[in-house]
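Please look through the notes below with the sequence and the model open beside you.

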Amino acid sequence: MVVGKQEVHRVKTRIIMGRTVHDDDLIKYGLMAVASLAVIIVLGIIGFIAEGSMTAVRDIGLWNFLNGDVWRPNRELYGAYPLIVGTVLVTIGAIAFALPLGLGAAIFISELAPKRYREPLKLISEVFSGIPSVVYGFFGLVVLVPFLLNNVPGATAGQSWLAGSILLGIMALPTIISVAEDAISSVPRSYREASLAMGATRWQTTSRVVVPAAISGISAATILGIGRAMGETMAVMMVTGNAPIFPEPLTNLMSPIRTITATIAMEMKEVAYGTTHFSALFLLALVLFVIVLLVNTTSRVIMRRMREKFNPTKPPKIRSQRFMDAQEKASRIFKLVRYAVILGVIWILVELWFGADAALGSVMVVMGLMLVTRYTAARWNQRLAHGILSLVMLVVVGLLLVIITDIVSNGIPALSAEFINEFPSQGGRAGGIYPAILGTLKLVVGTIAIAVPIGVVSGIYLSEYAHDTRWTNFIRGGIDNLAGTPSVVFGLFGMAAFVIYLDFGVSLLAGWLTLACLILPVIVRTTEEAVKRVPQELKEASLALGATKWETITKVVLPAAFPGVITGTILSIGRAAGETAPIMFTAVVAYQTRLGDFSVMDPVMALPYHLYFLASEVPDAYDNQYGTALVLLIIVLSIYSAATFLRYHYSKKINW
Amino acid sequence: MSTNLIDIKGLNLWYGENQALHDVSMSVKPNSITALIGPSGCGKSTLLRSINRMNDIIAGCRVEGEITFHDKNILAPETDVMALRKKIGMIFQKPNPFPMSIKDNVTYGPRLHGVTDRESLDKLVEECINKSALWSEVQDRLGASAMSLSGGQQQRLCIARALSVNPEVILMDEPTSALDPIATNKIEDLAQDLKKDYTVVIVTHNMQQASRISDYTGFMYMGKLIEFDKTENIFENPSEELTERYITGRFG
Ligand SMILES: Nc1ncnc2c1ncn2[C@@H]1O[C@H](COP(=O)(O)OP(=O)(O)OP(=O)(O)O)[C@@H](O)[C@H]1O
Ligand SMILES: [Mg+2]
């Protein structure tokens, strides 16, 4: 495309070390160097975490660590197995909760909802993703946990596997909804028409053609959701009870449980630097990092396959008959397994609430229904299915409403001018949250100042200069991995690299750098998207006028892509403002009653951490907890709405 | 009882504010091939899709008039649209097999309508693929993905798929426009064969095609059916000047 024109337009060159170098090449390598930062960060994360784990590997042994049944650091027992099991169980529960809801909502949005409701419904799911994890945790702690305690017969504690799974499930919903919705609505219209033209109902078309055709995208969505759930820290830590035990029996949903992330977050603050315990937490982070990496890579591979399927560049392989037969058999077995899982989940849930008889009864009813629908008229099945889908959508919207109204209605009484501009007193029970608001502001501003230039430059490089070379793919991979890395791992990395190694101490500066690493992928990706969407003709028009590539980028491409870049920036501000785990060991203190002179080497208070602190350490500070949660929610959600507004505003205005 | 299988009377159709069909009337005789020709955007597809009510799925589409099929008005609200579409199959411009195996493509329809017995499904697969003149090419790879077929093969698979639910009418919307000449020939031959058992309505841009295979031809222009007659009359002795100008290529 552009390559041919490059010889034509005016080429600026200069002599460096006796060789003629084109200005455009210089710029290109400069941009590439910046973009490579993502790779360096990933390598840095792996390096620092692995280095930190060495002591533990030596003292405990990798096998003993992974296989040990008991995690009790004060007795020098570092068995991570219960934590790994805990992580896996909470995640399974979360997906069992989120997949039916998320998939149902995705199908509703793309197949059932009238066109004008589609965007608002998608927006609702985006609001879910805007709520900070610590606010979910707080809601879980004060609403969900007591609810379970009072409503599940025989429950002795509300903090449990179930509470963690429900909460994580809610948090995984937006990922699943948006990716699955994307996959479903990108199934070519011609499939739907073909099916309808054969006399299929809409539901038959959805269930037999559209969803199967989108299945890889849906799997990718699920796996991404799994990745998110596994890496989640604050929310799980606040509601799972954190006992490092195996549920007894293994299906006991009301058993407390403890995850890898929660262990790191809880113990890192108290442990002495350089001990085996300290190192064991790094090893935990390494294990988590590897698991999440595998999960996310799987989902990426599946996504790529899906794109390939709809826009095939090469004809699909022709398989042997035997292979096809085996595949058919496998898919039949898979179907059975699916039904078994659905029935199993129903059984476990009903038994928990209403006992074994009711469980048996309801499983029979569901099986009966499955059987009967084979023979009832397709139109009735469609009604049933659409009814269920609408119900699911209602539940999703309802969940969001419940969370928001609870926090708003309980938080409003706490809000006052004093609450906003006074220091806390009585350990947070009284006074205001002024230093936390200010601290969050400081954190965000610095983070953005660091991350935006790097992110935007990387985004430009990736969209305008990067070809499919190995190094570029490396950079892309690095950014993808950064995006999927659990936030607590960033926290640990920040502590090891900035707090300890660079000796910044727990400080604003360490917090900035850590958060900057965290939000970098958001900015890179939105920039890349925005720049890519600038039409080729526009770029060529500028090049054809004799502008260099760099002039074209700065004078034509960037201004056109500006709204997209701003949107990405705003989104990342929201993210930075709401994160807790990454700043927990790098930048914050729990309590400040006065502020000294501004220094980047001093720690700050921050809203998310303050909320966590109040919720977990100061249980009677009810009003201030809700007040803090509301302020945080307002800040983060208004940031997100600004971004959304901007995006819609410009997407309407600019119609290439 | 009329001798026509389908009778269209005074059909008007709007997409939102835009009227796409103006007072169209025509009839389709059983076991014939009826071709619809006309310049792009004149409403051929729209008319065709009215016959199996595929326009229902387009938001803002409104129809007035009457289309009878076996003397029953299919535009009446109480029509069972699913049953209607089972009786009136459709082939699209771009081959659109499902991303499933060849076999599953053909069994999709029968399964929808309640056939589950494997033996009869297998028999049906062979029968339909045979009828669509594809059997010799795919018989030893029925389990392969339909996406691995060539465009022409895919289109014939789509025809087999349409035949699988035992329709009476097959609507074809420019079924060969995405195919090369050889594949086009095969589809044209196939259409001739199908006439024995089915009634075919075909939209085409290709006037040779219309004159080669059809018994009746309708010429449309700007949403109106300008002329409808036996094919030889339309091509040799059109009564409208517009038609003559179009078929002789002196248009616009
Ligand atoms: N889904 C739709 N929504 C709104 N208008 C439509 C829609 N489909 C078609 N139209 C309009 O209706 C008119 C007739 O379109 P139609 O597709 O029936 O034409 P056609 O004769 O099949 O053309 P072609 O030969 O290009 O396929 C056109 O003006 C078109 O813009
Ligand atoms: Mg058409």
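1. Which residue lies over the face of A:Trp380? A:Arg383 does, at 4.8 Å from the ring centre. A charge counts as sitting over a ring if NZ of Lys or CZ of Arg is within 6 Å of the ring centre and within 35 degrees of the ring normal. A:Lys549 lies over the face of A:Tyr465, at 4.6 Å from the ring centre.

2. On conventions: this is a predicted model, where local features need pLDDT of at least 70 and side-chain atom pairs count only at pLDDT 80 or more, while totals for chains, interfaces and linings use all residues. Residues are numbered from 1 along each chain as its sequence is written, chains are lettered from A and ligands numbered from 1 in the order in which they are written, and side-chain values use heavy atoms, with hydrogens and water left out.

3. Aromatic pairs next. Rings of Phe, Tyr and Trp (its six-membered ring) pair if their centres lie within 6.5 Å; planes under 30 degrees apart are stacked, over 60 edge-to-face, and the rest tilted. Over all chains there are 17 such pairs. A:Phe65 and A:Trp71 make an edge-to-face one, 6.3 Å centre to centre with 75° between the planes. A:Phe65 has 0% relative accessibility and A:Trp71 has 4%. Both values count as buried (under 20% relative accessible area; exposed is over 50%, partly exposed in between; 1.4 Å probe, protein chains only).

4. A:Tyr461 and A:Tyr465 are stacked, because their ring centres are 6.5 Å apart and their planes are at 5°. Both are buried. They belong to helix α18 (residues 434-465) of chain A and sit four residues apart, about one turn of the helix. Helices (H or I, at least four residues) and strands (E, at least two) are DSSP runs, numbered from the N terminus. A further aromatic cluster holds A:Phe48, A:Phe493, A:Phe498 and A:Tyr501.

5. Check A:Glu267, in helix α13 (residues 260-268) of chain A. A:Glu267 is buried, at 9% relative accessibility. Leaving aside residues up to four places away in sequence, A:Glu267 touches A:Trp71, A:Pro73, A:Arg258, A:His277 and A:Leu281. Contact means heavy atoms within 4.5 Å.

6. Chain B has an open sheet of four strands with antiparallel pairing, in the order β2-β1-β4-β5. Two strands pair if DSSP finds at least two bridges between them. β2 (18-28) and β5 (72-73) of chain B are at the edges, each with a single partner strand, so one side of each has no neighbour in the sheet. Eight bridges join β1 (residues 6-15) and β4 (residues 61-69) of chain B. B:Tyr15 stands opposite B:Cys61 in β4(B).

7. An open sheet of six strands in chain B runs β6-β7-β8-β3-β9-β10, with mixed pairing. Its edge strands are β6 (88-91) and β10 (224-230) of chain B. β3 (residues 33-37) and β9 (residues 216-221) of chain B run parallel, joined by four bridges. B:Leu36 has B:Gly218 as its bridge partner in β9(B).

8. How many disulfides are there over all chains? The count is zero, with a disulfide taken as a pair of cysteine sulfur atoms within 2.5 Å. The sulfur of B:Cys61 is too far for a bond, because the closest cysteine sulfur, in B:Cys42, is 16 Å away. For B:Cys128, the nearest cysteine sulfur is that of B:Cys158, 13 Å away. B:Cys128 is buried, at 4% relative accessibility.
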